[in-house]
Every structure is written in C-alpha cells, then in structure tokens.
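Please open the model in your viewer and keep the selection panel at hand.

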Amino acid sequence: MRNERSLPMLALKIVFSILFLLVSSNLSAYCEPYKLAIPLGLTEPAIPENNPMTVEKIALGKKLYFDKRLSADDTVACSNCHDPKLGFADALPTSAGIRGQFGPRNAPTVLNSAFYDLQFWDGRVPSLEDQAKGPIINPVEMGMASHDDLVKKLKGIPEYVKDFQAVFGAEITIDRIVQAIAAFERTLISGNSPFDRFFYNSESDAISEPAKKGLLVFRGKGRCLNCHDFNPIYALFTDNKFHNIGVGMDKAEPDPGRFKVTGNSADQGAFKTSTLRNIALTAPYMHDGSQKTLEEVVEFYNQGGHKNPYLDGGIVPLNLTDQEKKDLVEFLKSLTGELPKL
C-alpha cells in the first residue's frame with residue numbers, strides 16, 4: 001500500500017522536474033552572455049555585478065533608448081539628446097525636451113560613458129543606471145510625473161510586458177527599465193581612432209604631420225594632458241575629476257556645477273572632465289555649449305579660461321602660437337574613432 005501511494009507522488013515529481021528543465025532552458029535562451037568587443041586604445045569597462053550584459057537585455061535597452069513613449073507626451077526619447085547621427089549628442093548648446101523646453105546644460109555624448117566614474121556634468125550619480133532615471137522625470141526633458149507612471153505606461157504595452165518577462169523573468173519595474181538602457185549604453189564604445197593606430201599600433205602614417213605636432217603641444221606646452229590623460233595601455237582622455245576652468249563664470253548667476261552636489265566651496269563652477277574621444281563630432285562644447293568650434297575651445301584655454309575666485313590652478317595662459325593652435329586642433333580631430341554599429 002505504501003508503494004502504491006508513493007507512485008502518484010513520484011509521477012508528480014517527475015512532471016515538475018521536466019517542467020523545471022523546460023522553463024530553465026527557455027530562460028537561458030534569453031540570457032545569452034554578451035561579450036564586449038574592446039577596440040584599440042581602450043580597456044574593459046566596469047560592469048555592475050547586478051546587471052550582467054546579455055544579448056536580449058541589450059536589445060531591450062536599445063528599443064527603450066529610441067522609444068519616445070518614455071516621455072510624457074511621446075515626443076522625446078533618449079536618442080533625441082544622444083543621437084547616433086550626431087556623435088550621440090544633439091548639436092545644440094543646451095538640450096531640447098518636451099513642449100519645446102530647453103535645459104540649462106549641453107548634452108554630453110553617450111559614447112564611452114561606460115568609462116566615467118560618475119555621471120552627469122556635476123557627477124551627481126555613480127552609474128549609468130542611476131543616470132537613466134534622471135531625464136525620465138525631469139520636467140524639462142522627458143517630463144514623466146514619476147517613475148511609477150512610466151512603469152504603468154509600459155505595462156500597458158503588451159510588447160514590453162513580453163520583453164521584460166523574457167529578459168528578466170519578471171514584471172516591469174523602473175530598476176529593470178534603466179538596467180536595460182544602461183546595458184545598451186555600455187555597448188556604445190568607440191576607439192581604434194587614427195591616434196590609437198599611431199600610438200598603440202605604431203602606424204606612423206595613421207595621423208598627419210600637423211596632428212603629430214599637435215600631440216607634442218597636447219603633452220607639453222598646451223598642458224592638456226593634466227586633465228585629459230592617457231597611458232601606454234589605453235586612453236580615456238579624462239581624469240574623471242571636476243575642474244573650474246571659468247566657463248560661464250562671467251554670468252550674473254553662474255551654474256554652481258559640482259558644488260550643488262558636494263556643498264564644498266572649492267567645487268564652485270567645477271564640471272566633469274569630458275573625454276576628448278570623438279570630440280570633433282560633438283560641437284558645441286563645454287557644459288553650457290558656449291564654445292562653437294574646436295578652435296574656440298583651444299583659444300579659450302590659450303587665454304587661461306575666465307578668471308574667477310574658484311579657477312583651477314592648472315588653468316593659466318598658454319601663449320600658443322597660431323600654428324601650435326592649428327596643430328592642436330588637428331590632433332583633436334585624430335581622436336575620432338570607429339562608431340558602434342547599431
């Protein structure tokens with residue numbers, strides 16, 4: 001009798017085991033690990049342990065990145081301000097959001113943003129995941145009333161309900177939304193520039209003679225290397241720090257920059273050092289988009305920035321000749337790398 005009663009239980013265990021294996025095999029199909037291809041001149045970026053890169057998650061993140069339905073009036077996507085056709089920036093002094101509003105700062109490129117220690121011009125968040133949460137509820141940018149409102153909106157789209165279940169094995173949440181977007185953004189890596197081939201692959205003809213002279217200015221008289229550094233192994237062209245170089249400090253109410261985050265008076269008017277990679281693609285420049293061309297940027301530094309009580313000690317007049325300035329611009333143009341294929 002005991003054996004007879006145990007047979008149905010054994011059959012149930014077998015059925016549940018088979019179902020578990022079937023479910024597990026289906027889930028694994030949606031979790032294929034993604035291996036980042038690291039181009040010449042760069043290194044592996046840090047990937048959060050709680051957000052591993054998978055093929056399907058990146059595909060979902062890409063879909064979200066280009067979807068204007070993430071904004072309150074269905075007019076603004078992440079790609080509006082970070083457009084692949086414009087070096088993943090937007091070619092505007094400051095970015096346009098919903099209802100024709102403009103924010104106070106220039107949109108930095110998303111290219112190579114995976115290498116930043118902190119995100120936004122003022123470094124107010126530590127990760128791409130946290131960064132992606134900001135514009136969604138910014139009333140000038142994407143204008144959603146809350147993250148919960150966006151979750152509710154996406155739950156009303158059957159396609160997304162299916163996608164999130166396939167990728168995460170769970171329902172839509174704001175954390176999963178930004179994890180997908182951040183995973184996609186970490187694939188937007190650009191290297192193998194003419195500079196990289198010259199410096200890291202010993203291709204002597206990869207950059208022009210003026211660019212080679214500009215590199216000497218960059219590393220010497222121009223003092224550029226102090227903040228936009230590189231090493232014998234890879235080149236990020238940023239020190240991941242914050243500096244007051246005088247931009248906007250002549251205004252009646254200057255943007256406080258990093259000071260608003262830290263409350264440290266030494267951070268007044270300080271902003272994150274941007275990477276110089278692909279700099280020729282992302283005009284206008286500086287946190288307020290006030291410099292229209294690379295020539296204007298070089299001249300701004302040549303003049304020693306704009307003097308103010310918080311000016312970084314490394315910003316001094318450079319006394320570059322006209323030819324040195326031209327050569328430096330040519331070098332900066334050599335930092336345009338291969339763009340990711342979408």
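Bear in mind throughout that this is a predicted model.

If you colour by domain, you will find that domain 1 (53-185) and domain 2 (192-332) each contribute at least three residues to the lining of the largest cavity.

Next, select Pro108, Tyr116, Phe120, Trp121, Lys272 and Ser274, which line the second largest cavity, a space with a volume of about 30 Å³. The lining of this second largest cavity has four nonpolar, one polar and one charged residues.

Stay with Phe120 and turn to its backbone: phi is near 75°, a positive value in a residue other than glycine. Phe120 sits in the loop between α3 (78-81) and α4 (128-137), and because its relative accessible area is 17%, Phe120 counts as buried.

Now select Ser202, in the loop between α8 (194-199) and α9 (209-219), where phi is again positive in a residue other than glycine, near 55°. Is Ser202 buried or exposed? With a relative accessible area of 66%, Ser202 is exposed.

Finally, select Ala283 and Pro284, which are joined by a cis peptide bond with omega of about -5°; Pro284 lies in the loop between β2 (271-272) and α11 (294-302).

Key. Residues numbered from 1 in each chain as written. Predicted model: local features only at pLDDT ≥ 70, side-chain atom pairs only at ≥ 80, totals over all residues. Heavy atoms only, no water. Domains from an automatic or database assignment. 1 Å grid on protein atoms, 1.4 Å probe; cavity = no way out; pocket = protein on both sides within 12 Å on 5 of 7 lines; lining within 4 Å. Points joined across faces, edges and corners; volume = space filled by probe spheres on them. Nonpolar A, V, L, I, M, F, W, Y, C, P; charged D, E, K, R; others polar. Helix = DSSP H or I, 4+ residues; strand = E, 2+ residues; numbered from the N terminus. Buried < 20%, exposed > 50% of the residue type's maximum accessible area, 1.4 Å probe, protein only.
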